[in-house]
Amino acid sequence: MADKKGKIQRLTPSNRAPLGMDAASIRDSLVNHVEYSLGKDGYTFTAQDCYTSLALAARDRLIERWIKTQQTYHDKDVKRVYYLSLEFLIGRTLGNSLVNLDLCGPAAEALTELGYTLEEIREKEWDAGLGNGGLGRLAACFMDSLATLKMPAMGYGIRYDYGIFFQSIRNGYQVESPDNWLRYGNVWEFPRQEYTYVVNFYGNVESFQDGSGTMRKRWANAETIVATGYDTPVPGYRNGTVNNLRLWSAKASREFDLNYFNGGDYVKAVAEKSLSENITRVLYPNDNVFEGKELRLKQEYFFVSATIQDIIRRYKKEHKTFDKFSDKVAIQLNDTHPAIAIAELMRLLVDLEGLGWDEAWAVTTATFGYTNHTILPEALERWPVSLVERVLPRHMEIIYEINRRFLEYVAVSFPGNSEMLRELSVIEEGFERKVRMANLAIVGSHSLNGVAALHTEILKDRVFEKFYRLWPEKFNNKTNGITQRRWLRLCNPELSGLISEKIGDGWTTDLFRLRELEAFADDPAFRKAWREVKRKRKERLAAYVMSHNGVAVDVESLFDIQVKRLHEYKRQLLNCLHVITLYNRILENPKGDFVPRTVIFAGKAAPGYWMAKLIIKLINSVAERVNADPAVKGRLKVLFLRNYAVSNAEKIIPAADLSEQISTAGTEASGTGNMKFALNGAVTIGTLDGANIEIKEEVGDENIFIFGMNAEEASALKNGGYNPMEFYLADPELKLVIDRIANGFFSPGEPELFRPIVESLVQKGDTYLLLADYRSYVDCQDKVAEAWRDGEGWTRMSIMNTARMGKFSSDRTILEYAKEIWGVKSVDIGL
């Protein structure tokens, strides 16, 4: 065996010439894959085959760097960060890989020889939609930045058979269908059958005496499922580093239960196998309201257990004891979904590795960091104790013990303070006792970070105020960021080309370099070139709209865009109220001088989120009425683009003139869409919420449109007895808008259709303060329209937004995590 390994080692990349990176080499690799990987020839070759072959050619070059990277990490025994996320919204991989390998030019040239364009072939890739929105996309951006910064890192998540659902719009309503993203396979992944782990559920806990006479615990009579890893290489930008994303898939521990099979019940044997594998079948849609579903708990534990076992296996290859575990391992929990990892590491260290409780707890708390992503209390995970006891009996025991010891510590720190004990306890008492996963994450981690300055302050002052009193040193802020490689270099090649022509391409790894654009903000020739680039992107989006929606749009109009997950707190409904206001004004003054505006919505509502789905129907009903009304004369168009995903975000965002970031102040943790739009030269209209505040600080008051209450004012209004009816009655424009929705103006066939929306706003409290912010929003939109009339002034604002986005690179975020939380350093990979 050793001799075989030696022969293979002599053939690895470090001992042979790397594959060529020129167009001819790419073409030859592509053609070879057509024949030898796909078994095709020139007569049967299709565009889909061309995509697969080009992806394989790029993958070959990733593999060389991937193997070298992993060998280097092992040989140097470096500290690694492990990023645990239930979601990774990757999107398409080909374009990003070509950018980071510096192969876009050679690949395009090779494809031209074969009669294709790179853009055409990229469209053949199916989005890997393994996330609902911002959380999963952030994780994907972080993986890109970790590799670009040469950080030893690995991502862990779930390989869902079906990603976020495919959204169709029928008769104005959202209709969901399964997203079978693996229909044609996934050329980027590598199944790792050698890395499989048994994951247990149910059963009971037994006490026993080990060989030394010590009483121990073991998990017995459990049902078992096997986790199999699938690896995807994640390249850094032009640096030789290729990190790993490992996603777990559930397999039955045995192909069939032979008792059923031998008894003749073949159907039940197959059904039992299918039930085991259901764990990774589908991604749960997110509606920001936590529901304690058993399958969700099993998903979370399944990927966490396999991950922690894998991390320990890797650590034990070089280390016999756990003294250096936290010196070699940093684990970051991306929200509360992986928080059960704290109990799982304790179980493995105490029950299997034989560590004492205190030693194991010291290792655990030194290893974990926790990122919180929500302000909404209803979104924090709280599992029924009865469910955890049944599904994970040993973990419930461990959580009880963690909590007992923790509350003893709290009692000493705050003697006689029963309120502190009640609020900080990992176990929530009540009619149904629950496990507070956020509390467990804080107790079991050495760091808790928010994802925007305002969000972190709200965590300190409101959400986790008592934890902040106990452990202020644990709290820190890490404002989110985005990777400029995908969200400018890849998705907007015309703009990135113009920027690089003026200031060089150093901004691709140091986004603060964009500040150099400020010197050209008043240059008429540069402004003209900037406008031409924006117009090209708007023309491309207009063509996409025509092909998908059958609506012609004026590329000279103001492209006013709000694309994000549909939720009431994000206030797509407020945007819709403004659209109706504009429409009403046109009807009242048909000859008025209105700024032409194209308002574009896109986003998915969770299938069970009835109100969000009704808002989608309202938007489409308004669009149908407005777009068909000859009185409008092209001055207003309204569109809802179906099936919002990473790939069409890459088409939509570069075309935006105005970015709608209008959530109720104090509800959005950060937001990253706001950063993507601004980076591509869109001007923001927004509230003082999430990262909008920091964007405002960076771009300056003169380059952003801010409206509405701040978080303190919004909270004070709610607590002071907010009455939305007063706002409705006091504002004639608002009243007309609400009345037209209520009386069936936009649903003549079903006059009562939108009555629930009206009731939620006027009669049921208007939870997200739309009516309170309406007048400020509409007045601010009037300022937007006036600013748009000054083309030169608007162009300057657009340039300044791009120029001042340096802070919002995920590279900056990751550097802060690495320095202040993980203690991980970059490692050079020589090719």
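A salt bridge is counted here when a side-chain nitrogen of Lys or Arg lies within 4 Å of a carboxyl oxygen of Asp or Glu. In this predicted model, that rule gives 75 salt bridges. Among the residues involved, Arg192, Asp231, Arg246, Asp310, Arg313 and Arg314 are joined in a network.

Arg540 and Glu119 meet through their side chains at 3.4 Å, N to O. Arg540 belongs to helix H22 (residues 524-549) and Glu119 to helix H6, 421 residues apart. Arg540 is partly exposed at 39% relative accessible area, and Glu119 is partly exposed at 45%.

Helix H6 also holds Arg122, which pairs with Glu650 of helix H25 (residues 646-652) across 528 residues. The closest N and O atoms of Glu650 and Arg122 are 3.2 Å apart, and both residues are buried.

A further salt bridge joins Glu668 and Lys570, with the closest N and O atoms 2.9 Å apart. Glu668 sits in the loop between strand S22 and helix H26, and Lys570 in the loop between strand S19 and helix H23, so the pair ties together parts 98 residues apart in sequence. Glu668 is buried at 14% relative accessibility, as is Lys570 at 8%.

Helix H5 (residues 104-113) has as its buried residues Cys104, Pro106, Ala107, Ala110 and Leu111. These residues lie on the same side of H5, because they cover an arc of only 165 degrees around the axis. Their cover includes helices H2, H3, H4 and H6. After H5 comes Gly115, with a positive phi near 90 degrees.

Definitions and conventions. Residues are numbered from 1 along each chain as its sequence is written. This is a predicted model: local features need pLDDT of at least 70, side-chain atom pairs count only at pLDDT 80 or more; totals for chains, interfaces and linings use all residues. Side-chain values use heavy atoms; hydrogens and water are left out. Buried means under 20% relative accessible area, exposed over 50%, partly exposed in between (1.4 Å probe, protein chains only). Helices (H or I, at least four residues) and strands (E, at least two) are DSSP runs, numbered from the N terminus. The arc is that of the directions from the helix axis to the C-beta atoms. Contact means heavy atoms within 4.5 Å.
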